[in-house]
Amino acid sequence: MNALLEVNHLSTHFHTGAGIIKAVDDISFRIREGETVCIVGESGCGKSITAMSIMRLIEGPYGKIAGGEIVFGGRDLLKISKEEMRRIRGNEISMIFQEPMSSLNPVITIGKQIMEPLMLHKKMSRKQAYARAVELIEMVGIPRAEQIANAYPHELSGGMLQRIMIAIAISCGPKLLIADEPTTALDVTIQAQVLEILRKSKEQSNMSIMLITHDLGVVAEMADYVIVMYAGKIVEKGEVVELFERPKHPYTRGLLKSKPVIGQRRDELYSIPGQVPNPLELTESCYFHDRCEHCMAVCETRQPKLTKLENGHQVACWLYEEEGRQHG
Amino acid sequence: MGEPLLEVRHLKKYFPITAGLLNKTVGYVKAVDDISFTIYPGETFGLVGESGSGKSTVGRTILRLHEKTGGEVLFKGISIHDLPKPELRKLRPKMQYIFQDPYSSLNPRIRVGDAIGEALVDHGLAAKEEVRDRVLEVMEACGLSAYHYHRFPHEFSGGQRQRIGIARALALNPDFIIADEPVSALDVSIQAQIINLFRKLQQTRGLTYLFISHDLSVVEHLCTRIGVMYLGSMMEMAPRDELFLRPLHPYTKALLSAVPVPVPKLKRERIVLEGDIPSPANPPAGCKFHTRCPFAVAKCKEQKPEFRHAGNDHYVACHLA
């Protein structure tokens, strides 16, 4: 499989009155054609900023992509003009957000909002676009498509709106769909429907999905490849089965252990002590060291780099330094 | 199990829908429609359901934050909704409420220590010079440090704010706490800390909880008995093991199968429900769930199923179960 998207040493910084926040700090990964890559992490770890950086939606003057490259289909998205980027956005790469209500225009009908990218990118006539919009609404499993096309966003429920967002996102047949916590605001039964639709539309078009979530259950269900982020850094990445069966980084292990799982009875949940570090007070240490039960002297003074282990598994932790050398 | 701590009998809460210039009532949203359950001392009773199922309204109506439409709520045998206001106020410290988003329930201009101690002073439960010590004690029990006393709410992270919310409820030394989605807004690692805190406090202080949540895995972990709500009605109620190992209602089964499990490549039989939860202003006739139920038969559309005992303290409202 070829790499569709390659992110190399991406850093995105925010300049605030109190100092520079390195929201995304030198991360690299790639997404292959037809692959679903999940980015997991807690609030503030930089997973959404990674997505925004790929879409070039980081707003100046405070936010700035400080370095690295984002190669998509042979072009570096950070080097192309604004005009070229506009032609890619919503066309070759599209995005779904957590809050569908705030991403749709409340005074424009659903149908028109689905038609907009079709007319803009695919140069369809109004009539063609309308027909396609109705088709798309049916495709995401909403009955009475014609009627819905003429409805306004407030007339639909959250689950339906999120499906409309998916319809808009896949309307132009994108090669990459970025979904930022698409089911977080939804009930479990609706979440199951939405994940099903994402899976189906991926199968139909060999689209790649970059799914951002904090729910490890969703990750296990959807991902081919998983990236774990903490405080702006990638701490671990690997194939989904490998990562869930042999998690390496103490943070990943902690996350997996602290989630209550149906059918698994435990007296007490494991909990990672402390909390995420203040992004303004990061030092040269491993960012996780003050919450880590395996913390060693080296962890407090030097930051570990991602090292390769077996089965393509990569982890940034001093515990695996020796093991990493063997796998070179 | 002894005397019940809380008895909810045929509780109803309807919100009027008004329209027109004169605000004429044109209908009702039946947010809670004839719900009964009992909570015994030391128990954690879980109330689960999707958004709009009325679970929060149940919690608020129990504490008389809403006036009921029908039925009654007995706390230690005292009917809460029949008490005159001054009497009710005296009872309030014994029943506390913890909200999903503690930030919006804390005054941004009041220091955290004062916010936690406020109710103690208001209810005259502690002398002025005692208040500080009492506050520091509950703060410590909730995992907050003494130097947090003089800080403002905005200086805290989500998990710590929830600790403040819990400390605030706990300061009054209550017997019964209603926790409404207390961990839903928190990250996984912080969520585990707060869940453990709930459990620890229950063991050390003998608390009884009504735990409202949409997250079945959290409910399974924390609760001893669980009620499943849908559109204002109780669909199923059972002790934890009964409910999770032998769910009887198709809605419970669907809910359980919809929860993603963190085991990759696990093939599960999933019951994917069609459509959305119907509007509570115009609920379906017969069984309220029949529009989304994969097993619905003709009877379900016409006749409302009775909430009946199915053995082992397991109650269910379904014609087929």
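This is a predicted model: local features need pLDDT of at least 70, side-chain atom pairs count only at pLDDT 80 or more; totals for chains, interfaces and linings use all residues.
I started at helix 11 of chain A, where Gly254(A), Leu255(A) and Ser258(A) meet Val188(B), Ser189(B) and Ala192(B) of helix 6 of chain B. I count residues as in contact if their C-beta atoms, placed from the backbone, lie within 7 Å; helices are DSSP runs (H or I, at least four residues), numbered from the N terminus. By class, this contact has three nonpolar, three polar and no charged residues (Ala, Val, Leu, Ile, Met, Phe, Trp, Tyr, Cys and Pro are nonpolar, Asp, Glu, Lys and Arg charged, the others, Gly among them, polar).

Residues are numbered from 1 along each chain as written, with chains lettered from A and ligands numbered from 1 in written order.

Next, the geometry. The axes of helix 11 of chain A and helix 6 of chain B come within 9 Å and cross at roughly 50 degrees (lines fitted to C-alpha atoms over the stretch in contact, angles from 0 to 180 degrees between N-to-C directions). The two are therefore oblique to each other (under 35 degrees is roughly parallel, over 145 roughly antiparallel, 65 to 115 roughly perpendicular, the rest oblique).

Then I looked within chain B. The axes of helix 5 and helix 6 of chain B come within 9 Å and cross at roughly 15 degrees, which makes helix 5 roughly parallel to helix 6.

Last, the whole chain contact: 37 residues come from chain A and 34 residues from chain B. Helix 8 of chain A gives the most to chain A's side, with seven residues.

Conventions. Two residues are in contact if their C-beta atoms, placed from the backbone, lie within 7 Å.
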